[in-house]
There are 2 protein chains.
Amino acid sequence: MTAELSDMPEFSPRQNAVLEQALKLLVDGGEKALTTSGLARAANCSKESLYKWFGDRDGLLAAMIAYQASKVRTFERSGGRLTADLLREHLETFGRDLLEVLSGEVSLALNRLAIGQASREGSKLGRLLIEHGRRQIDRRAIGLMEAGRRAGLLRFPDADSAYHTLYGLIVSDLHVRMLLGENGLKDNARQAERAVHAFLSLHGASQNTEGAGRAHSDA
Amino acid sequence: MTAELSDMPEFSPRQNAVLEQALKLLVDGGEKALTTSGLARAANCSKESLYKWFGDRDGLLAAMIAYQASKVRTFERSGGRLTADLLREHLETFGRDLLEVLSGEVSLALNRLAIGQASREGSKLGRLLIEHGRRQIDRRAIGLMEAGRRAGLLRFPDADSAYHTLYGLIVSDLHVRMLLGENGLKDNARQAERAVHAFLSLHGASQNTEGAGRAHSDA
DNA sequence: TCCTCGTAGTACCGTACGGTACGGTTCCGT
DNA sequence: ACGGAACCGTACCGTACGGTACTACGAGGA
């Protein structure tokens with residue numbers, strides 16, 4: 001685990017403060033507002049220091065992604081025994097957290113930034129964002145999947161595929177819509193409940209809770 | 001129906017050719033490659049004509065979206081009687097078409113463009129893209145939903161919600177990943193089959209095909 | 001005290017873009 | 001044949017950005 005963390009270069013406190021300002025500028029005004037001059041002015045540093053620390057503008061953007069990823073820490077599943085209700089609760093918590101993260105302003109701004117850069121061939125920002133930003137939450141979900149299967153609560157042939165099913169049920173096209181500027185949901189928890197209900201109808205081991213065709217009966 | 005089409009300004013053949021070139025430039029080199037000078041050079045027109053026709057650069061981008069939307073035409077469901085197999089086939093065809101559209105280069109480029117502009121407050125591109133690009137395919141899917149319900153083949157309390165469920169099952173996080181630069185699926189048809197299978201397990205009226213908890217058994 | 005290192009602040013350069021202006025040309029109606 | 005509208009090609013302007021160079025200044029060490 002420490003080996004994984006060592007491959008991302010850590011920055012000095014001063015540099016972290018500068019990166020924090022950079023994220024703030026990006027969130028407030030979009031990519032166009034994030035200029036080297038503007039960042040130097042806002043962070044009370046010199047452009048020369050920026051180029052010394054981060055190489056060039058792309059290096060700065062990559063550093064911002066790495067820095068933001070280093071801030072997001074997700075909790076591992078507690079090691080206790082897993083019941084059906086506990087699994088459902090963990091899944092719903094995961095769904096709420098996922099929606100919360102995806103609708104966060106910093107996340108949206110960084111995704112917009114990476115997507116805007118994605119057309120360029122040599123851009124590694126998209127890859128970086130997927131690797132750093134998603135790996136944590138993906139591992140947490142897949143861990144949950146396999147724990148559920150080991151406990152006899154879930155049935156699926158492929159944990160990865162099952163996770164993508166859960167992801168789609170939770171997020172649907174919401175992420176893209178928010179990236180395009182639409183507002184998020186009013187109630188993330190409700191969406192998470194619906195998604196987990198459907199997911200358990202598909203992959204839950206016990207169908208005795210409700211009929212499979214009666215999903216969303218509470219709507 | 002004609003009233004809906006009349007609100008989008010149609011362009012002359014010459015202007016359509018220019019917009020086609022603009023899309024080509026955008027797909028090839030991203031937003032940065034789409035400059036007024038470059039477009040004028042590539043399309044053998046003058047910058048003055050561009051500004052006369054489209055007002056300013058944002059008008060050009062909006063015109064590109066409208067033009068592309070005018071090219072995409074989706075088929076309505078044929079009026080014949082709906083059986084379970086026919087519904088499944090229509091749903092799978094919809095899924096394949098949806099994946100095909102979303103993974104298209106022009107679609108990805110326009111989405112990247114609109115997302116890049118989405119941070120600016122006054123940008124209507126995201127709204128435009130959702131309205132023009134999605135309305136057609138959304139209507140087709142929701143029509144399919146309600147036809148299925150009328151035929152007693154589907155059960156759901158809310159067609160819109162059911163459609164979003166189907167959408168999530170089909171697309172999952174694929175759209176965002178492709179926007180970030182990842183490659184699409186190898187087999188869209190297989191993904192559509194899986195998604196429709198799961199969707200019918202959730203909302204299909206006849207659960208006798210297979211047990212609800214045994215989805216994806218063929219994987 | 002003096003030297004060195006790191007950094008802030010600023011001035012500067014080359015480039016590229018959006019947008020405008022203008023001369024020359026083609027095409028159409030009369 | 002004439003006149004005007006539309007349009008192409010190009011030159012031009014103001015601006016703003018990425019990146020570099022240079023000076024000033026404060027901290028720490030010999």
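A salt bridge is taken here as a side-chain nitrogen of Lys or Arg within 4 Å of a carboxyl oxygen of Asp or Glu. In this predicted model, local features need pLDDT of at least 70 and side-chain atom pairs count only at pLDDT 80 or more, whereas totals for chains, interfaces and linings use all residues. Residues are numbered from 1 along each chain as its sequence is written, chains are lettered from A in the order in which they are written, and side-chain values use heavy atoms, with hydrogens and water left out.

Across the interface of chain B and chain A the rule finds two salt bridges; one of the pairs to be described is A:R134 with B:D173, whose closest N and O atoms lie 2.7 Å apart. The interface is summarised below, with contact meaning heavy atoms within 4.5 Å, and buried area being the accessible area (1.4 Å probe) that two parts lose on being put together, summed over both.

| Interface item | Value |
|---|---|
| Chain B residues in contact with chain A | 47 residues |
| Chain A residues in contact with chain B | 46 residues |
| Area buried between chain B and chain A | about 4,000 Å² |
| Share of that area from carbon and sulfur atoms | 61% |

Of the area that chain B buries against chain A, B:I115, B:L180 and B:L202 supply 17%, more than any other three residues.

Within chain B, the axes (lines fitted to C-alpha atoms over the stretch in contact, with angles from 0 to 180 degrees between N-to-C directions) of helix α8 (residues 125–150) and helix α9 (residues 159–171) come within 9 Å and cross at roughly 110 degrees. Helices are DSSP runs of H or I with at least four residues, numbered from the N terminus. α8(B) and α9(B) are therefore roughly perpendicular to each other, a term covering angles of 65 to 115 degrees.

Methods. Helix = DSSP H or I, 4+ residues; strand = E, 2+ residues; numbered from the N terminus. Parallel < 35°, antiparallel > 145°, perpendicular 65-115°, else oblique.
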